[in-house]
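Thanks for making time this morning.

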Amino acid sequence: MGLRHPAELSGPDRVRRLGNRVNLSTVLGLAVARLGRAEVRPGPRGLLLADGYRLPFPVAGAFTVGDVLVTAGRWDAHRPALLEHEERHSWQWFWCAGLPFLPAYGVCLVWSVLRTGDRAAANVFERRAGLALGGYREVPVRPLVPAARAALSRRRPRPRT
């Protein structure tokens, strides 16, 4: 998988790696991996690969926290494109200065569900990480007002008769 010693990392990879450690997102990723009883090992470009994650949340084939890429399976069994997609998320953690990534991602996920009915199709973080690389598909945008009404009507309790 092209493992490189930290001294062999490119300048941008070193910056991302340091930034995600300073902003504590990689520390959080290691804690999440440990909580999910995943086995962490060095990966390419200074990333950490966590295999065998056992918790049911989040619902995803893989996810990233800081520089820790987590999957329930083994990274060796995934398509290389998924690793590239998740690596892009590690850069998003860097650019969001760590923990602010979580609420920003949550808002974008809600927006995507509202606009498309899909958690990724209109989520700017997933789009910039590469929808196809992550195994997601394009979904047409639906009109906002009817989508909002439909979402709100599902949440309202129905009157009893």
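Which residues are exposed on the other side of α2? Before I answer, let me say that this is a predicted model, and please keep that in mind throughout. The residues in question are Arg34 and Leu35, which are exposed on that other side of α2.

Turning to the buried residues of this helix, we find Ser25, Thr26, Gly29 and Ala33, where buried means under 20% relative accessible area. If you look down the axis of α2, these buried residues fall within an arc of 95 degrees, and so they line one face of the helix. As for what covers them, the list includes the helices α1 and α3, together with the strands β1, β2, β3 and β4. Just after α2 comes arginine 37, which takes a positive phi of about 55 degrees.

The largest pocket in the model has a volume of about 610 Å³. It is lined by 25 residues, and those closest to its centre are Phe57, Pro58, Phe63, Leu102 and Tyr105. The largest share of the lining comes from α4, which gives five residues. Sorted by class, the lining of this pocket has 18 nonpolar residues, with four polar and three charged ones besides.

Conventions: Residues are numbered from 1 along each chain as its sequence is written. This is a predicted model: local features need pLDDT of at least 70, side-chain atom pairs count only at pLDDT 80 or more; totals for chains, interfaces and linings use all residues. Side-chain values use heavy atoms; hydrogens and water are left out. On a 1 Å grid over the protein atoms alone, a cavity is a set of points where a 1.4 Å probe fits but cannot get out, and a pocket is an open set with protein on both sides within 12 Å along at least five of seven lines; lining residues have an atom within 4 Å of a point. Grid points are joined across faces, edges and corners, and a volume is the space filled by probe spheres set on the points. Helices (H or I, at least four residues) and strands (E, at least two) are DSSP runs, numbered from the N terminus. Ala, Val, Leu, Ile, Met, Phe, Trp, Tyr, Cys and Pro count as nonpolar, Asp, Glu, Lys and Arg as charged, and the others, Gly among them, as polar. Buried means under 20% relative accessible area, exposed over 50%, partly exposed in between (1.4 Å probe, protein chains only). The arc is that of the directions from the helix axis to the C-beta atoms. Contact means heavy atoms within 4.5 Å.
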